[in-house]
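Please look through the sequence and the structure shown below before reading on. The briefing that follows begins with confidence and then goes through the chains, the contact between them and some single residues.

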Amino acid sequence: MLAYIIRRMGQSALVLLIVGLVAFSMFRFVGDPIDNMLGQERTAEDIERLREQLGLDQPFAVQYFRFLEGAVQGNFGVSYRQGRPVSEILLERAPATLELAAVSGILAIVFGIALGVFTAIRRNGFTANFIMSASLIGVSLPTFLIGILLIYIFSVELGWLPSFGRGETVDIGGWSTGFLTESGLKALILPAITLGLYQMTLIMRLVRSEMLEVLRQDYIRFARARGLKDRAINFRHALKNTMVPVITVIGLQLGAIIAFAIITETVFQWPGVGLLFINAIQFVDIPVMAAYLMLISVMFVGINLIVDILYFFIDPRLRVDRAGGH
Amino acid sequence: MTDIPEQGMAPKIAQKSRLRVFLDSDIYYTFKRSPVAVVSTIVVLILVLSAVFAPLIAPTNPFNPASLNLMNGFTPPMEPNAFTGDTFFLGTDDQGRDVFSTILYGMRVSLFVGVAAVLFAMVLGITLGLISGYVGGWTETIIMRTADVQLTFPSILVAMLIFGIAKGFTPVEYRDQMAIWVLIIAIGLSDWVQFARVVRGATLVEKRKEYVEAARLIGRTPYAIMLRHILPNVLSPVLVIATISLALAIIAEATLSFLGVGAPPTQPSLGTLIRIGQGFLFSGEWWILLFPAVTLLTLALSVNLLGDWLRDALNPRLR
């Protein structure tokens, strides 16, 4: 078991090293870093000095190692466009994305599980069928169109909710939160629904199919024969047993929410990390792109590693073929 | 092997019977019986044909500045313009471009990028899948590990990253021209994994069958065995994935263009048009946004439904 975990960690480290290599190559080979940093007025000495300062006269491997060393310490260089350290910009933007992701994640989990259980229990009911068909449409609508549709209904036509930005934020020890003001909470509603809708339908459909699977099992029939209440059967016995795959998918979707936040943040001009990344691509701001690439990879690789290891503890059946086989 | 003396007749008979074979096949039968499949095929055909023949159908060429009249800007659909008296089927945008024409041309870009990206992903995925399934060993480990790692990232994010990196590597003066090709490569590279996995799985099964053994015994090269013997037998799941991938690729392209990291304004796709239209959401010119969005949805949905039907028809087990 320990061997399996160590091997998975080794693989994760390898992936991160490769991603780091990609990020570093972007730095090193896209355009000329010296060109990007020095203005029009420069002398040959300036160039030489900066070249030495940046370590560009060193061999490739040494430069790569230095880049990794910097990245681990959170030093990703200076944004070409804003002229400030990338880590500073990222820290400033992170709360917006994390708050948005947290709220939509919770929305997706709560409503996803509730609707999933409901549609599984009332399998042939009219409401359940309606929800299932509606979810199909929800899955096939692209995220950005859902966002635009919500803006059209709730901002343009009804005028209830703001269509862009975060509203007023309160600064608590460097963390700017939108949870404490009315405009901040109002501004959060539409983006959170837009971002969470896809994950919600995904969780709902998964819970439904797992529930239907479990409800067919013998022990459920036995519980019914024992005369247990429907509620006890559905929630204490059935729902509990559907949770292993559901938790896995929720874990994996956490990363997806952060990634899809790019789209939602652009639609709603939400000042988060995703919008920063899109702007970085538009203006070819390499240090910001590289930093985002590294961060999101660490996150995805980390989540996958944790889910894989958790799997190992939750489901004993996997231990045999995962560790032994291959 | 038909070694019939009258060879002159053979091709004609073969052709006729091939059509007959198709009309008599199970696939065609289930197709006829499924209204969803028939309707979505007709919709896809209409959309594809109108995109291909856009220059003939479109009332104006929206990208020819000579044919534009700024006075025609913001004309609502089916209403004569207040200044010029011109009427436009789906209205005009801020620059007086006919929305119907921009949609036709935009659909061309969307479909071209979608189809090219899926073809690219398909060729790459099939090649890598065949090689890793047939050769095995270290090659397989490296290819499939890469696939696993890539699969943990959402494909739209992979496409964005590739687009950003490729954009960085292209010289500034070529960026707009190259954007379409960069987009195709980015979406294609984000989508090859599905193909590779399915082809590898099918190849592993086919590899053990007797006909492959026979081909190896008569001395055919691995290259020939993979392409001429195994490939034809693993194609039907590939077809299903390709159709569903096409719908996803069209949406991915629209998303990227909407975000402003895809097709440039000089060559707008449906996503770019929606991006432009979003700017007029608050000022009441709803048609600039609505019609491209509806076209995109119709296109993606009908391709998707077709893919779903194809999956059910080719895989009776899943029904």
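What is the mean pLDDT of chain B, and what percentage of its residues reach 70 or more? The mean pLDDT of chain B is 81, and 86% of its residues reach 70 or more. This is a predicted model, and for the complex the predictor gives an ipTM of 0.78 together with a pTM of 0.81.

**Confidence along the chains**

- Within chain B, confidence is lowest in helix 1 (residues 10-24), where the mean is 63, and highest in helix 5 (residues 99-135), where the mean is 90.
- Chain A has an average pLDDT of 79, with 90% of the residues scoring at least 70, although the pLDDT falls below 50 over residues 321-326 of chain A, a stretch that has four contacts in the model beyond near neighbours in sequence.

**The two chains in outline**

- Chain A contains 13 helices and two strands, and its C-alpha atoms fill a box of roughly 90 × 60 × 35 Å when this is taken along the principal axes.
- Of the 326 residues in chain A, 35% are buried, and among the contacts in chain A with a separation of 6 or more, 70% join residues 24 or more positions apart.
- Chain B contains 13 helices and zero strands, so that reading along the sequence gives the pattern α-α-α-α-α-α-α-α-α-α-α-α-α.- Of the 319 residues of chain B, 42% count as buried, and among the contacts in chain B with a separation of 6 or more, 67% join residues 24 or more positions apart.

**A pair of crossing helices in chain A**

- The axes of helix 7 (residues 143-157) and helix 8 (residues 182-215) of chain A come within 9 Å and cross at roughly 145°, and the crossing of helix 7 of chain A and helix 8 of chain A is right-handed.
- On one side of this meeting, helix 7 of chain A supplies A:Thr143, A:Ile146, A:Gly147, A:Leu150, A:Ile151 and A:Phe154, while helix 8 of chain A supplies A:Leu190, A:Ile193, A:Thr194, A:Leu197 and A:Tyr198.
- Sorted by class, the contact of helix 7 with helix 8 of chain A has eight nonpolar, three polar and no charged residues.
- An α-helix has 3.6 residues a turn, so residues three or four places apart point the same way.

**Where chain A touches chain B**

- In the contact between the chains, 25 residues of chain A meet 27 residues of chain B.
- Helix 1 (2-29), helix 7, helix 10 (230-267), helix 11 (273-282) and helix 12 (286-314) of chain A each supply at least two residues of the side of chain A that touches chain B, and the largest share of that side, six residues, comes from helix 7 of chain A.
- By class, the side of chain A that touches chain B has 21 nonpolar, four polar and no charged residues.

**The nonpolar core and an enclosed helix**

- The largest nonpolar core has 151 residues, of which A:Met289, A:Ala290 and B:Leu183 touch the most other members, and helix 11 of chain B gives the most to this core, with 18 residues.
- Leaving aside residues up to four places away in sequence, A:Met289 touches A:Met26, A:Phe277, A:Ala280, A:Ile281 and B:Gly164.
- Why is helix 12 (residues 270-278) of chain B largely enclosed by the rest of the structure? Eight of the nine residues of helix 12 of chain B are buried, and this helix is therefore largely enclosed.
- The buried residues of helix 12 of chain B are B:Leu270, B:Gly271, B:Thr272, B:Leu273, B:Ile274, B:Arg275, B:Ile276 and B:Gly277, and they pack against helix 5, helix 11 (222-259) and helix 13 (287-314) of chain B.

**Two single residues**

- A:Gln269 is found in the loop between helix 10 and helix 11 of chain A, and A:Gln269 has a positive phi of about 45° although it is not a glycine.
- A:Gln269 counts as partly exposed because it has 13 C-beta neighbours inside 10 Å.
- B:Ser236 has its place in helix 11 of chain B, and B:Ser236 counts as partly exposed because it has 13 C-beta neighbours inside 10 Å.
- B:Ser236 and B:Leu314 are 78 residues apart in sequence, yet their C-alpha atoms are 7.2 Å apart in space.

Technical notes:
Residues are numbered from 1 along each chain as its sequence is written. Chains are lettered from A and ligands numbered from 1 in the order in which they are written. This is a predicted model: local features need pLDDT of at least 70, side-chain atom pairs count only at pLDDT 80 or more; totals for chains, interfaces and linings use all residues. Axes are lines fitted to C-alpha atoms, for helices over the stretch in contact, and angles run from 0 to 180 degrees between N-to-C directions. Helices (H or I, at least four residues) and strands (E, at least two) are DSSP runs, numbered from the N terminus. A crossing is left-handed if the near helix is turned anticlockwise from the far one by less than a right angle, and right-handed if clockwise. Two residues are in contact if their C-beta atoms, placed from the backbone, lie within 7 Å. Ala, Val, Leu, Ile, Met, Phe, Trp, Tyr, Cys and Pro count as nonpolar, Asp, Glu, Lys and Arg as charged, and the others, Gly among them, as polar. pLDDT is the predictor's confidence in each residue, from 0 to 100. A residue is buried if 20 or more other C-beta atoms lie within 10 Å of its own, exposed if 12 or fewer, and partly exposed in between; C-beta atoms are placed from the backbone. A nonpolar core is a set of buried Ala, Val, Leu, Ile, Met, Phe, Trp, Tyr and Cys residues joined through C-beta atoms within 7 Å.
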